[in-house]
Amino acid sequence: MDEMKDVVLEYIVDEYVDEDDDVEVDFDTALISSGIVDSFSMVSLKVFLEKKYDITLSDSEATPEAFDTVTSIVELVNKHLG
Amino acid sequence: MSNIGSYEERLKGFDWGIAKEVLGWEDGELLNIGHICSDRVCTRGQTDKVALIWEGFGGKKHTYTFDDLRVYSNGFAKFLRDQGLETGDRICIFMDKIPSLYFSFLGILKMGGIAQPLFSAFGDESLEVRLESAGTAAILTTRKHVKKVRKILDKLPELKHVIVVEGDESKLKGEEIFFDVEAAPRVEEFDAYEATPATPSVLHYTSGTTGQPKGAQHVHSSIWGQALTTSWVLDLRDDDIYWCTADPGWVTGTSYGIIGPWSLGVTQCVLDSGFTCARWYQFIQDNRITVWYSAPTAIRSLMRDGIEPVKAHDLSSLRHLASVGEPLNAEAVIWSEEVFGLPFLDTFWQTETGAMMISNYPGMPIKPGSMGKPFPGIEAAVLDLKTHEPIEEPGRVGLIAFRPGWPAMFRAYRNKPDIYRSKFAGAPEGAEPDELCTNTDLWYVSGDRASIDADGYYWFVGRDDDVINTGGHLVGPFEIESALVEHEAIAEAAAVGKPDKVNMEVVKAFVSLKPGFEPSGDLELSIMNFIRKKLSPLAMPQEIEYMEKLPKTRSGKILRRYLRALEWGEDVGDLSTLEDD
């Protein structure tokens with residue numbers, strides 16, 4: 001669980017946060033509602049999760065609320081991994 | 001009773017002069033949008049009235065009066081003048097929806113500059129193309145976004161000033177200037193530039209099928225159209241609390257997120273944080289919003305979340321809803337009537353038209369899914385696709401067109417007179433933009449298709465070109481394709497719109513790979529993120545299909561329309577010109 005959290009967090013920091021941004025991202029940082037990840041960019045995050053964990057996330061699951069923190073993202077992925 | 005009263009009655013003997021009555025305008029007053037939206041509201045006795053309720057992420061909230069608007073826009077106007085910027089200079093605003101965006105927009109207009117707002121999610125390449133095309137003299141931005149400017153600064157010799165309006169001053173680099181208008185000395189007096197009706201005001205970039213985006217130039221007299229449509233379609237009144245969800249990087253965010261409401265002295269709200277249903281409903285509840293102007297993509301996202309979040313909030317303050325950006329489907333209209341007790345009224349217009357052209361009006365019977373009827377004073381038609389003659393037959397599809405001459409009409413595409421001319425059916429060869437925009441024998445052809453029913457209601461059909469309308473924003477395939485082939489793995493590329501339940505269309509890319517590269521999930525993600533950072537999240541392909549070879553004509557042109565037709569399940573048309581394998 002924590003390993004998955006680290007992987008997802010690392011991907012988000014690498015792809016969506018610039019080095020000199022004054023933003024600290026942790027497992028519970030709001031991503032969508034804070035504007036760090038916008039709703040269009042959610043799609044590339046969804047694709048990352050699907051490829052990395054070999055799952056398929058439906059549009060009804062991939063909501064801004066479900067993608068709003070690393071913790072909620074990992075919960076969603078774990079549902080699919082059983 | 002609504003402001004418009006009876007739509008049918010308003011059509012009789014309509015004259016645009018009524019806009020001046022709505023504004024309480026007297027002959028001899030100073031024409032300048034920046035002045036009208038701030039100083040003038042104060043001189044009409046509304047100095048202490050709240051102009052802007054702003055909320056950001058993390059509970060940040062600020063309220064500004066019309067006097068604050070006046071003083072802070074003065075502050076920007078004086079500061080820009082002090083930097084040596086002059087009348088007619090293009091000054092870009094590149095920031096999130098922070099208060100300084102709104103103050104600087106009015107300040108630029110007050111000092112006679114041309115405001116060039118750009119969507120802050122644009123990547124460095126999208127930014128460069130638009131700044132280069134405009135010959136932009138200065139850019140106002142924030143510490144978060146200045147990094148994109150730094151990357152392209154060397155390629156923009158005309159860009160003389162990079163001004164950072166927020167953040168940590170100590171982190172600035174090179175010749176960047178810091179200016180925090182709220183911390184600077186208050187500027188009580190500034191003599192606003194006296195514009196003529198044809199003085200350029202706002203430059204908005206819009207995408208086309210071919211070539212790079214074009215700068216649609218608007219003028220100060222646009223305010224007559226923007227104020228009147230705000231009054232009659234959005235039905236704004238003195239005691240309303242209004243929320244336009246659009247970003248001023250796009251035309252809705254300036255015409256109806258700044259000019260329309262503030263010219264009428266109406267309080268408006270701005271939410272500068274990411275979209276979640278709960279956050280939006282909370283914002284409406286907290287601020288007792290009465291009139292809400294949003295977009296079909298957002299409405300469909302709210303629909304997807306269902307009625308429970310609606311029930312969890314007190315939204316009883318809402319009295320009028322409207323929508324813009326792409327056609328509003330009938331289901332969304334019916335849903336909003338069920339859950340809010342009010343239908344979203346669809347409005348149709350474009351960057352080029354500057355103001356609403358075809359709308360549903362308060363009090364007029366609504367046909368869910370219809371665009372409504374032309375605004376009074378707008379002569380509209382659908383033209384035959386080949387002859388460009390108006391179609392009289394109900395239900396037959398043609399091109400939506402308007403007679404030139406409405407107040408908010410764009411007056412040029414910056415440095416592109418030939419493309420401007422091509423937008424007018426019947427334009428004489430070599431005619432200049434000034435002649436075209438007043439020639440009421442011509443038709444301005446919008447690029448959208450529709451039909452008109454027997455009752456005079458317009459029904460949207462789709463674009464007449466390959467431009468992709470995603471979430472209400474137009475994205476040009478050429479721009480995406482040009483960026484795609486800059487990716488190390490891509491040999492050739494085509495970008496088309498594919499149907500999407502929420503965004504109407506999203507970008508799909510077809511690519512063939514260079515030798516040595518193989519299709520893979522990692523490559524797909526790499527291409528997506530490459531475009532997202534280079535252009536914008538809107539332009540990012542949401543699907544990538546690998547092809548050995550893209551379909552082309554015998555002359556070697558990629559058959560984008562063929563690929564689009566496949567996505568939409570449409571007839572692919574005549575393939576006789578398809579390149580043989």
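This is a predicted model: local features need pLDDT of at least 70, side-chain atom pairs count only at pLDDT 80 or more; totals for chains, interfaces and linings use all residues.
Local features need pLDDT of at least 70, and side-chain atom pairs count only at pLDDT 80 or more, while totals for chains, interfaces and linings use all residues. Residues are numbered from 1 along each chain as its sequence is written, chains are lettered from A and ligands numbered from 1 in written order, and side-chain values use heavy atoms, without hydrogens and water.

Start with aromatic rings. Rings of Phe, Tyr and Trp (its six-membered ring) pair if their centres lie within 6.5 Å; planes under 30 degrees apart are stacked, over 60 edge-to-face, the rest tilted. The count is 40 aromatic pairs over all chains. B:Trp25 and B:Trp224 form an edge-to-face pair, 5.0 Å centre to centre with 85° between the planes. The two residues are 199 residues apart. B:Trp25 is buried at 14% relative accessible area, and B:Trp224 is buried at 13%. Buried means under 20% relative accessible area, exposed over 50%, partly exposed in between (1.4 Å probe, protein chains only).

B:Phe410 and B:Tyr444 are also edge-to-face, at 5.7 Å and 70°. B:Phe410 lies in a loop and B:Tyr444 in strand S21 (residues 443-452) of chain B, so the pair ties together parts 34 residues apart in sequence. Helices (H or I, at least four residues) and strands (E, at least two) are DSSP runs, numbered from the N terminus. Both B:Phe410 and B:Tyr444 have 0% relative accessibility.

Now turn to helix H17 (residues 477-484) of chain B. Six of its eight residues are buried, among them B:Glu479 and B:Ile480. H17 supplies at least two residues of the lining of the largest cavity.
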